[in-house]
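I opened this one to jot down what I could look up in it.

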Amino acid sequence: MLSGVRVWVPLAATLFRTSCLGGCNRMRSPQFRGFSWSPRLISRWNTRDSIDLPNEDNPRILITGGLGQLGVGLAEILRKQYGKENVILSDIKKPPPEVYQCGPFVYADVLDYKNLRELVVNYRITWLVHYSALLSVVGEANVALARKINITGLHNVLDLALESCLRLFVPSTIGAFGPTSPRDPAPDLCVQRPRTIYGVSKVHGELMGEYLHHKYGLDFRCLRYPGVISANTQPGGGTTDYAVQIFHDALSTGHHECYLRADTRLPMMHIGDCHRATVEFMQAPECQLSLRTYNIAAMSFTPEEVATEIRKHVPHLKVTYNPDPVRQTIADSWPVRFDDSNARRDWGWKSMYGLEELVSDMLSSIHDKRTSAGLPVS
Ligand code: VAH
């Protein structure tokens, strides 16, 4: 009897805590119907003196695809808020030494459900940020792999989040829209018929996440990111990547060859705004969210406009335009601007970087990086 009580007390505490903290309609999720605790988890609790379960105020966070453009920076911000040991960065690649020094890093393959489940149980994860994905251009070059990672990998994460009652963040993108969507601006809710496997997989993610939320109460959260501009991380093979490369070229060779037409306008965002939006959205009380998937916007610019702004700091920058048919076709199918009024109304989203602030910050960051690496600055 005693052992039974010892099991049910922590379980009841979790169910109580989850159902209260989880806000809306938690009790409808399948984990309250036939939910079974793994023997390993029960044994860990039976040996625990006190129930120091993670909760709303001190989540334990797993980030998949952590070595891409966004994971390391997001982990740094989350670790400042929730503690170094409570944010587990993961990927299938070996990280550089400094990543290990910043906090826990583990191997995690989103195609290996058992591996993921073990991490969630052993690290007592309560939030999951799912960054593993092939982006637009690399996805078109390897559709089969993009379908595996972006769809099968997503399904593993969705099932795990449902079973373990996780708060799940999955990013979507301007690439989730297509040529038949309203493009200027693109609202949160409209026709979405993207023409890339990346976009198709992201729309699928939006729809699957929202289905599991409405049917089982999964705390699924999704932001449609614009092109993200970062100085310290390389983008992962997308259509908006020119907007990162142009800064590096401006300070190294002084010449940028642009694979888009000079007048191709796309929504863009400084990585600092992207991380802040993600954290603020993950922290927003569930009852404030009228949607589960939101557009977030900061600015929209063309290659010519960003080049003109850079020339205020680097007057000799030369840009030649050599449109790549694949990337130009993708860019021409994407929104020109985003309507993010719902995010601003529901959870107070507000960007802090415009084009001027972006250019100034990018150039100073890359200048410092090159100088400390002993590289010449043009
Ligand atoms: C891409 N940078 O170009 C990514 C992004 C908004 C686009 O998802 O594919």
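I began with the largest pocket, and its volume is about 800 Å³. Of the 39 residues that line it, I found Gly68, Tyr131, Ala133, Leu134 and Leu135 closest to the centre. For my own record, the model is predicted, so local features need pLDDT of at least 70 and side-chain atom pairs count only at pLDDT 80 or more, while totals for chains, interfaces and linings use all residues. Residues are numbered from 1 along each chain as its sequence is written, and side-chain values use heavy atoms, with hydrogens and water left out.

The terms I used: on a 1 Å grid over the protein atoms alone, a pocket is an open set of points with protein on both sides within 12 Å along at least five of seven lines, a cavity is a set where a 1.4 Å probe fits but cannot get out, and lining residues have an atom within 4 Å of a point. Points are joined across faces, edges and corners, and a volume is the space filled by probe spheres set on them.

Which elements supply at least two residues each to the lining of the largest pocket? I noted α6 (136-141), β6 (172-173), α8 (197-216) and β8 (227-229); helices (H or I, at least four residues) and strands (E, at least two) are DSSP runs numbered from the N terminus. The lining splits into 20 nonpolar, 14 polar and five charged residues. Here Ala, Val, Leu, Ile, Met, Phe, Trp, Tyr, Cys and Pro count as nonpolar, Asp, Glu, Lys and Arg as charged, and the others, Gly among them, as polar.

**Cavities**

I counted four cavities of 30 Å³ or more. The second largest cavity holds about 60 Å³ of space. Its lining includes His130, Asn150 and Lys202. Both α7 (143-164) and α8 give two or more residues to that lining, and α8 gives the most, with three.

**Rings**

How many aromatic pairs are there in the whole structure? I got eleven, pairing rings of Phe, Tyr and Trp (its six-membered ring) with centres within 6.5 Å; planes under 30 degrees apart are stacked, over 60 edge-to-face, the rest tilted. Tyr82 and Trp127 are edge-to-face, because their planes stand at 75 degrees, with ring centres 5.6 Å apart. That pair joins helix α3 (residues 71-82) to strand β4 (residues 127-130), across 45 residues. Both Tyr82 and Trp127 are buried (under 20% relative accessible area; exposed is over 50%, partly exposed in between, with a 1.4 Å probe and protein chains only).

I also saw ring pairs link Tyr131, Phe169, Tyr225, Phe281, Tyr294, Trp347 and Trp349 into a cluster.

**Two single residues**

Is Phe247 buried or exposed? Phe247 is buried, at 0% relative accessibility, and I placed it in helix α9 (residues 242-252). Not counting residues up to four places away in sequence, Phe247 touches Ile229, Val306, Ile310, Leu358, Val359, Met362, Leu363 and Ile366 (contact means heavy atoms within 4.5 Å).

Asp184 lies in the loop between β6 and α8, and at 46% relative accessibility I logged Asp184 as partly exposed. Neighbours within four places aside, Asp184 is in contact with Val336 and Arg337. Asp184 and Asp339 are 155 residues apart along the chain, yet their C-alpha atoms are separated by 8.3 Å.
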